[in-house]
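Hi everyone, thanks for coming. Let me put the structure up on the screen, and then we can walk through it together.

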Amino acid sequence: MGKIFSLAFKNAFRQKKRSVTLGVNYAVVTLLLLLVLSFSNGVRATIGNTLVRGTAGHLTISGEYVSEKRVLIGVQAYERITRTVKDLFPDSTVVKRYNFSSALYYRGISKRLSFIGVDAAVDQSFTGQLSFAAGSWEAFLAAPNAVIVPRSVAEYYGLSNGEEVLISRRTRLGAFNTGTLKIAGIHDTGNFFLSELVLCHFDFLQDLDLTPAYRDRFNAAGRETATTLFVYFKDPSNLTAERDLLVNALNARGFEASGPKTSNDAISAVTAASPRYTVADRDPNIIRLTVSTLDEVLGIVGTVLAVVNGIGIFITLILLFIIAVSIFINLRMTINERLEEIGTMRAMGVEAGSVTRLFILENTVLALFFSLIGTAVSLLLMGALTLFVRFPAAGQIGVILDAGKLVLVPTVPDVLLVVGLVTAFAALFSFFPARYGGRIKPVDALSSTY
Amino acid sequence: MRSVFFATLLLLTGAAAFAQTNDPRAVRIIENFESKLNLDAFDVTSDFTLVQKKAAEADRVLRLNIYRRDAAGLFTIIFTYPDSEKGKGYLRQGDDLYLYLPTTREFVFRNRKDDIGSTDVRTDIFGRLTNLEKFNVRFEGKATVSKWECDVVRFDAKVPDVSFPIQKWYVRVSDGLPIKVENFSASEALLRTFYYVDFKQVAAGKYIFTRFLAVNNLEEGQRTLITVDNVRTTRIEDYIFTKAYLERQSR
């Protein structure tokens, strides 16, 4: 068997032109597969990270509660929920958010914007993430009515840092409320998810939404109201199990908690911030909570990635089919050219199975060698794309970029998978022509040569 | 020391009680104009034209047919112009307000303060006025609006679901009809001003506004003018205040 291996390795490159032609196919397929997988990993990582910073946690807690025969969207009793999370996962971090859309007015001009209210004293999600064109994070921390707006918004209104603007919105129960916001920063952030971020203080948005007159009815001690809670872990590797534990713990403390029933439920956990209410038939003291993992929140991203991967796999299958045909033709031609060699080996007593194995091994060695070359080329290409190519961060593909850079994440398991797949495929499709070669009788092989 | 504390407590309690009760003079002013504007004794049919003006934009015109039965708290509004809005309509039955969307053939439950066709005019200006159920009122003195002397009454919401929780009504002394309403947010920013420009007497002591102007105080140059024509007080068939009627209008 060792001799067969040695012979196969020598034979693999005996007919250089033919070997290279076939080998290039192996290399191209390897390169494409690795690019698709690395792109998919990169998109997931980029969107995951930016979503985690901006609009989701490793676990996101959303919900609704019934108050005065109204079903309102939001998380009530967040202090009790936070204590439950901390009791269960002492190393975790819990942050609260108050979000809504509202009109912003300045000198007779208005625009509807999505505001995110953060508890800046403990919520460090945006620290270091924003690139300030004017103002600063410190200025934001200093004023309770401070707001950080993106450059696009500042340009729309003609705003400068330090100016005051009016925010007007319908409160939770329908009455209009207004407040004055002071521009504490204008940011110019490349990150797609943060590029249109309008950041305020949690307490300011809560006061505006509930109004001082009704705040006590919806934000009394033990019934504090937020839009969502985000839970962050140091090691977010087992989120589903941690979610299940948390759901059980919350249910044990009187909440009606569950995971999202559909992917839409999970996505709405980070998108729904509607202050509107629906009328309830009765007034039970219920706080319903939905605890979604990051993967569930990223469900729509998973769908997009599945499409990207599907297209990549389709292209790869076409290439593999072409390779299969090439292998077949190539090997049949090789066998026809090497009939003298086959006849001699068979006449010397080499068995049919050994001849078959020899040809399979030749192709397997060739596939392994060129798929490794394909891997090296794809890694170089990815390095070059990441280092030297920049795309507009605010453009159509901004969602998958990190500050204008394409994020490609090749992993060792992916490389092993692709190289293994290409090599195994070559071995499989070599089998039939190789078996044909092995079955040729010595007398037939030698008589057709001489 | 204890007597000072109790005196202060008594004063604060008294002040709070005063703030939460109605001022009798203001109540009289409101009851007076509501009795003139609530048309309980008969039905009213009229045609409304809304012209919305926005800075640097062409005027937007809407035409509506309005059917009112104040005695039963009913009204029906049907959009007749432009074609893009045609067939749309509102049906109010007491506190329930439904918007009919002909494109999807569905009724959407709306807040009774819904903006009509995205203008600055709200559905709650139509139909029966019930201000004293929703607001505490206080007389705030006199003021001159245009050339008319007016009583000024401040409204503070006592229920949470009113559009403008603070309002100032300017009521003409000469005939007791409102001519201006300033609408404020909960934090007392002036959001919209309504002007009752003209009224028409439809029966003895009963009036309907025929020209109404809503000014958006936050959006520069944005205002909506309502003109009311063809006011009739003949009885309206009951089926007009049904969802089926609205559905049929869009066919």
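Asp40(B) has a relative accessible area of 33%, so it counts as partly exposed. Please keep in mind that this is a predicted model. Which residue does the side chain of Asp40(B) meet in a salt bridge? The partner is Arg128(B), with N and O 2.9 Å apart. Arg128(B) is partly exposed too, at 34% relative accessibility.

Now find the two on the chain. Asp40(B) sits in the loop between helix H2 (24-37) and strand S1 (44-53) of chain B, while Arg128(B) is in the loop between strand S6 (106-110) and helix H3 (131-134) of that chain, so the pair ties together parts that are 88 residues apart in sequence. Chain B also has a network of salt bridges that share partners, made up of Asp43(B), Arg69(B), Arg235(B) and Asp238(B).

Let's move to chain A. Asp123(A) and Arg97(A) form a salt bridge, their closest N and O atoms being 2.8 Å apart. Asp123(A) is in the loop between strand S5 (109-118) and strand S6 (132-135) of chain A, and Arg97(A) is in strand S4 (residues 93-106), so this pair links parts 26 residues apart in sequence. Are these two buried or exposed? Both Asp123(A) and Arg97(A) are buried.

Here is another pair for you: Arg151(A) and Glu155(A), with a salt bridge at 4.0 Å, N to O. Both belong to helix H5 (residues 151-157) of chain A and are 4 residues apart, about one turn of the helix. Arg151(A) is partly exposed at 34% relative accessibility, and Glu155(A) is exposed at 56%.

Next, where the chains meet. How many salt bridges does the rule find across the interface of chain A and chain B? The count is 0, although there are 8 residue pairs in polar contact between the chains, both residues at pLDDT 80 or more. On the side of chain A that touches chain B, strand S8 (164-170), strand S9 (176-187) and helix H6 (202-218) of chain A each supply at least two residues. The largest share, 4 residues, comes from S9(A). That side of chain A divides into 7 nonpolar, 8 polar and 4 charged residues.

Finally, a word on confidence. Chain B has a mean pLDDT of 85, but over residues 1-19 of chain B the value stays under 50. Where pLDDT is low, the predicted coordinates should not be read in detail.

Definitions and conventions
Residues numbered from 1 in each chain as written. Chains lettered and ligands numbered in written order. Predicted model: local features only at pLDDT ≥ 70, side-chain atom pairs only at ≥ 80, totals over all residues. Heavy atoms only, no water. Polar contact = N/O pair within 3.5 Å; in protein donor to acceptor, adjacent residues only side chain to side chain. Nonpolar A, V, L, I, M, F, W, Y, C, P; charged D, E, K, R; others polar. pLDDT = per-residue confidence, 0-100. Contact = heavy atoms within 4.5 Å. Buried < 20%, exposed > 50% of the residue type's maximum accessible area, 1.4 Å probe, protein only.
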